[in-house]
Amino acid sequence: MSIAILMSTYNGESYLSEQLQSIVRQSSCDWELFIRDDGSTDNTLSIINEFQRKDGRIHFVDDDLIHLGPSESFLSLILSVNADYYILCDQDDLWYPQKIEILYSEISRLDKKVPLLIYSGIQTINKENQHVKSIIEKSVGSLSKPIERFFWNDMPGCTVMFNELLRNKLDTSDKDSIVMHDWWLAIIAQTFGQIKFIPKKLIYYRLHDSNSVGSAPNFIERLAKGHLLERAGQRINLQMKQSKYFLEKYGKEDVPKKTKRFLIDMSRIESMNISQRMKFLMVYRPKRKGIVDTVSLSIWILLKIKHER
């Protein structure tokens, strides 16, 4: 049994040492860590080299490619490393000491003959490692029905463990159509195997200024300026592109009938008139994280997506 931890770094000197220490101190010692850097210009590489010298389980993946971005960088790592199980890891979080032990115990109980993915809860922290309340923390594991996963992802990549069968099922021939690596893995696992949420917090998930939750005045201002609908449009366009790619690559396989019907309908939404779009909304009830995002998504589907005459 082999477990590969995959980490992509980029200018992560501020928190990387803490994260690597939390991995080295895991209660389970049966793992290897593979780190790929995406072109750091700070001391990230020096920190990695230091930990490499101290621990033979830590490996640096040098592929001479830079600035791939987080999604493509992780996809490259996944396809370049062979293991029985994989755990994805961000550069700035902290792991609970028993994270690997608990994840492996949970995934070992599932059917090993199908693609598997499990994910855990998180505790959000700030740059001083203090717990902060966040909608992100509450949203993890909150997805209520399978079809919702094509509209949004409740599973940060840093919370997951998945098996080799899921890795082998991964198609990345059109990386531009993949919104994020973790979302893509989750959709494949849900469709062809099993996905399970573990209601235990196993990482401290660090929030930065760029991803912290906005205040009420900011919300009102963004609503007045139409920013919420603009964001919803950007998301739905990306989501539609990803769904079409999924249908193209996996549609001829054993996709559940309801899922395939939804994907076909979703691919045709641009040619639907208003009444057809209302029916689409009533049948599939698209939902995203929070009421505001859900309403914005529905309005965009109903009114904003270009109608091809």
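This is a predicted model: local features need pLDDT of at least 70, side-chain atom pairs count only at pLDDT 80 or more; totals for chains, interfaces and linings use all residues.
**Ground rules.** I number residues from 1 along each chain as its sequence is written, and side-chain values use heavy atoms, with hydrogens and water left out. Local features need pLDDT of at least 70 and side-chain atom pairs count only at pLDDT 80 or more, while totals for chains, interfaces and linings use all residues.

**Entry 1: the sheet.** I took helices and strands as DSSP runs (H or I, at least four residues, for helices; E, at least two, for strands), numbered from the N terminus. I counted two strands as paired if DSSP finds at least two bridges between them. In what order do the strands of the open sheet lie? I read β3-β2-β1-β4-β7-β6-β8-β5, which is 8 strands with mixed pairing. The edges are β3 (58-61) and β5, each of which pairs on one side only.

I then went through single pairs. β1 and β4 run parallel and are joined by 5 bridges. There I found A4 opposite Y86 of β4. β6 (residues 116-125) also runs parallel to β8, with 10 bridges between them. β5 meets β8 (residues 194-206) in the antiparallel sense, over 2 bridges. I looked up I203 in β8 from both sides. W95 stands opposite I203, and I122 stands opposite I203 as well. A background note: strands of a sheet pair through backbone hydrogen bonds, either parallel or antiparallel.

**Entry 2: helix α1.** Which residues of α1 (residues 16-24) are buried? I list L16, Q19, L20, S22 and I23. Seen down the axis of α1, these buried residues fall within an arc of 155°, so they line one face of the helix. The arc is taken from the directions between the helix axis and the C-beta atoms. I recall that an α-helix has 3.6 residues a turn, so residues three or four places apart point the same way.

Next I checked what covers that face. The cover of the buried residues includes β1 (3-9), β2 (32-37), α2 (44-54), β4 (85-89) and β5 (94-95). Contact here means heavy atoms within 4.5 Å.

**Entry 3: the second largest pocket.** A pocket is an open set of points on a 1 Å grid over the protein atoms alone, where a 1.4 Å probe fits, with protein on both sides within 12 Å along at least five of seven lines; lining residues have an atom within 4 Å of a point. The second largest pocket holds about 170 Å³ of space. I find P146, I147, Q190, T191, P256, K258, T259 and Y284 in its lining. I sorted the lining into 4 nonpolar, 3 polar and 1 charged.

**Entry 4: single residues.** K257 is in helix α10. I class K257 as exposed because its relative accessibility is 77%. From K257 to S22 I get 43 Å, C-alpha to C-alpha, across 235 residues of sequence.

H67 has a phi near 55°, a positive value in a residue other than glycine. H67 lies in the loop between β3 and α3 (70-80). At 52% relative accessibility, H67 is exposed.

N129 also has a positive phi, about 65°, although it is not a glycine. I place N129 in the loop between β6 and α5 (135-139). N129 is partly exposed, at 33% relative accessible area.

Methods: Buried means under 20% relative accessible area, exposed over 50%, partly exposed in between (1.4 Å probe, protein chains only). Grid points are joined across faces, edges and corners, and a volume is the space filled by probe spheres set on the points. Ala, Val, Leu, Ile, Met, Phe, Trp, Tyr, Cys and Pro count as nonpolar, Asp, Glu, Lys and Arg as charged, and the others, Gly among them, as polar.
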